[in-house]
Amino acid sequence: MSSQWIYLNDRLVKKEEAVVSVFDHGFLYGDGVFEGIRAYSGNIFKLDEHLDRLYDSAQSIMMTIPYTKEEMSSIIVDTIRQNELDSAYIRVVVSRGPGNLGLDPASCSRPNVIIIAEALALFPEELYQRGLRMGSVATRRNRPDVLSPQVKSLNYLNNILVKLEANQAGVDEALMLNDEGYVTEGSADNIFIVKNGRIITPPVYLGALEGITRNAIIDLADELGYSVAETPFTRHDVYTADEVFLTGTAVEVIAVIDVDGRKIADGRPGHITGHLLSEFRRVTHTDGVKCYANQADAVS
Ligand code: PMP
């Protein structure tokens, strides 16, 4: 197998050479931002939206990314090409960079920019057929006025803690509530419920990341003629929903069939969830920033 190429500060290096300092504040303090992006058949899905979110996250933590969005976009395309990838998961990390042991970012002279592109380990199709089991956890979502969930920072401890709780409880994914008990999201995905044909997702101000898949699904559902609303809801609404599903770059659209031991409807993935998943997969394979001049150049 040929070596994996990683983009690290202005150049593509072999995986073995892609190392950063232990003094990087991304490592010492979780000080930095990141994105998870996906390419389908040589098309990078919603690249501009991902870059907007990355640069907004950086702006919020007062970090200057040393490239323009246009430069970053072509670096990502180059990284995919260099690795001869067609469908890929792309991780972009911008850390504060090496400094001294104090937490003040003033000692960090330049951010580290890292892009990793690799063939995607797809979730087994069986999981989409079966659906996930979800459980609510004691750990609450970060309050937006403490560390905003809109900052996709390297500090993911809130999400890691809920994932640990879900593991302990023996469920596939955690249901995170905010400090008032309203449903926010999963550990790394947004949540939707369907009730009487109406698709509902929590407004992001309650404490959810504004997921790019979430927004794509809202638009798609709207185009398909479904009624979609961003409305606060509680666990009761989840337990009594006709369908529950999660969205995210990695997971796309996946049904939830059990929440806190309550079977959702008949315990099988719902029709609207299935419809949205198949339409989403159709769109992702055609839309997006092209990595290769023509499809024939794409490596399958
Ligand atoms: N919420 C959280 C906390 C996440 O980490 C993610 C993954 N980025 C999502 C939701 C889903 O967002 P997206 O659709 O942009 O991947």
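A crossing of two helices is called left-handed if the near helix is turned anticlockwise from the far one by less than a right angle, and right-handed if clockwise. The structure is a predicted model, in which local features need pLDDT of at least 70 and side-chain atom pairs count only at pLDDT 80 or more, while totals for chains, interfaces and linings use all residues. Residues are numbered from 1 along each chain as its sequence is written.

**Exercise 1.** Describe how H2 packs on H3.

Solution. Helices (H or I, at least four residues) and strands (E, at least two) are DSSP runs, numbered from the N terminus. Start with the geometry: H2 and H3 (residues 69–82) pack at an angle of about 125°, with axes 11 Å apart. Axes are lines fitted to C-alpha atoms, for helices over the stretch in contact, and angles run from 0 to 180 degrees between N-to-C directions. Angles under 35 degrees count as roughly parallel, over 145 as roughly antiparallel, 65 to 115 as roughly perpendicular and the rest as oblique. H2 is therefore oblique to H3. The crossing of these helices, H2 and H3, is right-handed.

Next, the residues. Contact means C-beta atoms, placed from the backbone, within 7 Å. Leu 47, Leu 51 and Tyr 55 of H2 meet Lys 69, Met 72, Ser 73 and Ile 76 of H3. By class, the contact of H2 with H3 has 5 nonpolar, 1 polar and 1 charged. Here Ala, Val, Leu, Ile, Met, Phe, Trp, Tyr, Cys and Pro count as nonpolar, Asp, Glu, Lys and Arg as charged, and the others, Gly among them, as polar.

**Exercise 2.** Describe how H6 packs on H8.

Solution. The angle between H6 and H8 (residues 271–284) is about 105°, and their axes lie 11 Å apart. This makes H6 roughly perpendicular to H8. Ala 216, Ile 217, Leu 220 and Ala 221 from H6 meet Leu 276, Glu 279, Phe 280 and Val 283 from H8. The contact of H6 with H8 comprises 7 nonpolar residues, no polar and 1 charged.

**Exercise 3.** Which residues and elements surround the ligand?

Solution. The shell holds 14 residues, the closest being Leu 209, Gly 211, Ile 212, Thr 213 and Thr 249; a residue counts as near if its C-beta atom, placed from the backbone, lies within 6 Å. Helix H6 (212–223) and strand E13 (243–248) are the elements that give two or more residues to this shell. H6 gives the most, with 3 residues. By class, the shell has 3 nonpolar, 8 polar and 3 charged residues.

Terms used
Two residues are in contact if their C-beta atoms, placed from the backbone, lie within 7 Å.
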